[in-house]
Amino acid sequence: MNQHKGSLDFRGNTAQAVQDAALRAALAHFTKVFAGLRTNGFKGIPAEEWREKASQVRIKVLDNLHEYLDQFSKAASKAGAVVHRAVDAQSARDTVAEILNAHKAENVVKSKSMVTEEIHLNAHLEEKGLRVIETDLGEYIVQIAGEKPSHIIAPAAHKSRQQVGRLFAEKLGMDYSDDPEVLVKAARKVLREEFLLADAGISGANMAVASTGSLVIFTNEGNGRMCTTVPPLHIAVLSIEKMVPTLADLPIFMRLLPRSASGQTLSSYLSMITGSRKSGENTGAQELHIVLVDNGRTEILRGEFRDILKCIRCSACLNVCPVYRIVGGHAYEFTYPGPMGIVLTTLLNGMKTAHPLLDGTTLCGACADVCPVKVPLPGLLAGLRRKRVEEGLTSTVERCAMTAYGLAATSETLFNAGRHVCRVAWPLLVRAGKDLGLERLPTPAKTSFRRSIR
């Protein structure tokens with residue numbers, strides 16, 4: 001239908017996804033469970049008060065982002081970290097590779113980080129001859145499967161335990177089992193050896209405290225702490241909007257992020273890392289490098305869609321999105337799926353490249369209802385759709401159809417005439433326009449609603 005396909009075929013991807021019964025079953029189970037957990041997690045708390053407070057903190061950060069970045073850099077450097085600024089994905093990849101090369105690192109363990117997925121860090125390091133192992137269980141599963149994450153907090157949400165069992169039997173040489181406990185123990189055994197072998201650990205960070213130079217990491221697996229404390233070198237890669245002003249601003253996010261992501265009152269592990277290991281301390285990396293990645297954020301900050309940078313990557317909007325719940329994350333092709341992903345991907349990669357994603361929303365507003373920091377996602381999505389039209393990136397068929405409807409809607413005579421013609425001609429239109437998806441639309445009623453109630 002769309003003549004301007006950009007660099008991805010979102011419609012084709014979704015058509016393929018809806019035919020995958022196993023994928024749809026896995027997504028239906030996962031999103032239903034996690035959406036339900038979030039609902040239960042928000043019972044009995046002053047949710048709107050907390051959300052408004054968190055929103056105001058995020059707005060304050062965006063209003064003063066570069067001042068907070070400077071403050072963070074100074075505080076982190078004073079605490080013993082080495083801070084790097086990366087203007088784009090290439091400079092971020094090169095910075096990490098240079099640090100690892102300078103330390104003659106060969107084996108690298110990673111904890112889950114969406115921004116490293118965004119900049120394609122793993123592939124770059126592997127091209128340089130490094131061995132990079134994901135240690136988050138979901139990330140490890142998709143890595144050995146040769147896939148990309150399909151969800152922000154649950155990278156392997158698209159897989160059933162039976163599929164994981166077959167994968168582990170093939171890749172790890174174990175007997176087949178679909179018992180989650182058996183599968184977790186098998187992964188743990190392999191990954192423990194990787195932690196001990198690693199020359200360096202790479203992590204992301206959920207937040208960074210400007211006043212103290214601290215990194216804040218929420219995890220539900222112990223791998224995050226292993227990556228950041230066992231290897232002698234720790235490299236943290238995070239996007240610049242992750243700042244919070246002070247430690248006093250953290251508690252509101254400590255309450256909201258876990259509840260929004262998984263329904264938990266608190267994450268299993270909350271790590272705060274300030275600088276490298278100090279004299280007399282027994283844990284922590286001997287050397288800490290922090291790479292602050294811009295990669296288009298400063299440009300977004302200047303524009304009308306800057307509110308997307310409030311997002312704290314909780315994934316609640318994915319779990320309630322009627323499109324994501326059916327097609328999953330791989331249909332979006334880029335790093336970030338779901339409502340927040342459509343907005344961020346379009347802004348980071350450009351309208352010409354990513355505009356097909358704008359078909360992936362119903363604008364139902366469920367994403368805004370669950371967002372813990374009140375990102376106005378429906379408004380952002382609608383605004384980007386408007387820009388797509390203004391830039392001429394909608395198909396000729398769509399433009400003609402909307403122009404015709406606009407004319408008809410302003411005239412009762414034209415509207416009634418069109419209704420009658422449509423009712424008679426609909427079967428012919430469906431047969432003639434098989435590629436337009438008209439067969440999925442309801443057949444026009446023989447009697448109008450107005451006439452039926454007279």
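Let's start in a loop. Serine 111 sits between strand E2 and helix H6 (114-118); helices (H or I, at least four residues) and strands (E, at least two) are DSSP runs, numbered from the N terminus. The model is predicted, so local features need pLDDT of at least 70 and side-chain atom pairs count only at pLDDT 80 or more, while totals for chains, interfaces and linings use all residues. Residues are numbered from 1 along each chain as its sequence is written, and side-chain values use heavy atoms, with hydrogens and water left out.

Is serine 111 buried or exposed? Serine 111 is buried, because its relative accessible area is 5%; buried means under 20% relative accessible area, exposed over 50%, and partly exposed in between (1.4 Å probe, protein chains only). Leaving aside neighbours within four places in sequence, serine 111 is in contact (heavy atoms within 4.5 Å) with Glu134, Thr135, Ile202, Ser203, Gly204, Asn223, Gly224 and Cys227. Valine 216 is 105 residues away from serine 111 along the chain, and their C-alpha atoms are separated by 13 Å.

## Alanine 86 in a strand

Strand E1 (residues 82-86) holds alanine 86, which is buried with a relative accessible area of 3%. Beyond its neighbours within four places in sequence, alanine 86 is in contact with Ser91, Ala92, Val291, Leu292, Val293, Asp294 and Asn295. Serine 395 lies 309 residues from alanine 86 in sequence and 37 Å from it in space, C-alpha to C-alpha.

## Two helices to follow

Helix H4 (residues 65-78) has 14 residues and reaches 20 Å from its first C-alpha to its last, close to the 20 Å expected at 1.5 Å a residue. The expected span is 1.5 Å times one less than the number of residues. Which residues of H4 are buried? They are Leu65, Tyr68, Leu69, Phe72, Ser73, Ala75 and Ala76. An α-helix has 3.6 residues a turn, so residues three or four places apart point the same way. Just after H4 comes glycine 80, with a positive phi of about 110°.

H12 has 13 residues and reaches 18 Å, close to the 18 Å expected. This helix is mostly covered, with 10 of its 13 residues buried, including Leu250, Ile252, Phe253 and Arg259. Serine 260 lies in H12 (residues 250-262) and is buried at a relative accessible area of 1%. Not counting residues up to four places away in sequence, serine 260 touches Arg38, Phe42, Cys314, Ala316 and Pro372. Glycine 263 follows H12 and has a positive phi, near 80°.

Most residues other than glycine have a negative phi, and most peptide bonds are trans. Lysine 104 has a positive phi of about 55° although it is not a glycine. Lysine 104 is found in the loop between helix H5 (89-102) and strand E2 (107-110), and it counts as exposed at 69% relative accessibility.

Serine 315 also is not a glycine, and its phi is positive, near 75°. Its place is the loop between helix H13 (297-302) and H14. Serine 315 is buried, with a relative accessible area of 2%.

## The nonpolar cores

A nonpolar core is a set of buried Ala, Val, Leu, Ile, Met, Phe, Trp, Tyr and Cys residues joined through side-chain atoms within 4.5 Å. The largest one has 104 residues, and those with the most contacts inside it are Leu100, Met243, Ile308 and Met340. Apart from this core lies another, of 18 residues, among them Ile141, Ala156, Val164 and Cys227.

Grid points are joined across faces, edges and corners, and a volume is the space filled by probe spheres set on the points. By this rule there are 3 cavities of 30 Å³ or more.

The largest cavity holds about 100 Å³ of space. Of the 15 residues that line the largest cavity, the closest to its centre are Cys311, Cys314, Cys317, Met340 and Cys371. The second largest cavity has a volume of about 80 Å³. Cys321, Pro339, Thr361, Cys364 and Cys367 are the closest to its centre among its 15 lining residues.

Methods: 1 Å grid on protein atoms, 1.4 Å probe; cavity = no way out; pocket = protein on both sides within 12 Å on 5 of 7 lines; lining within 4 Å.
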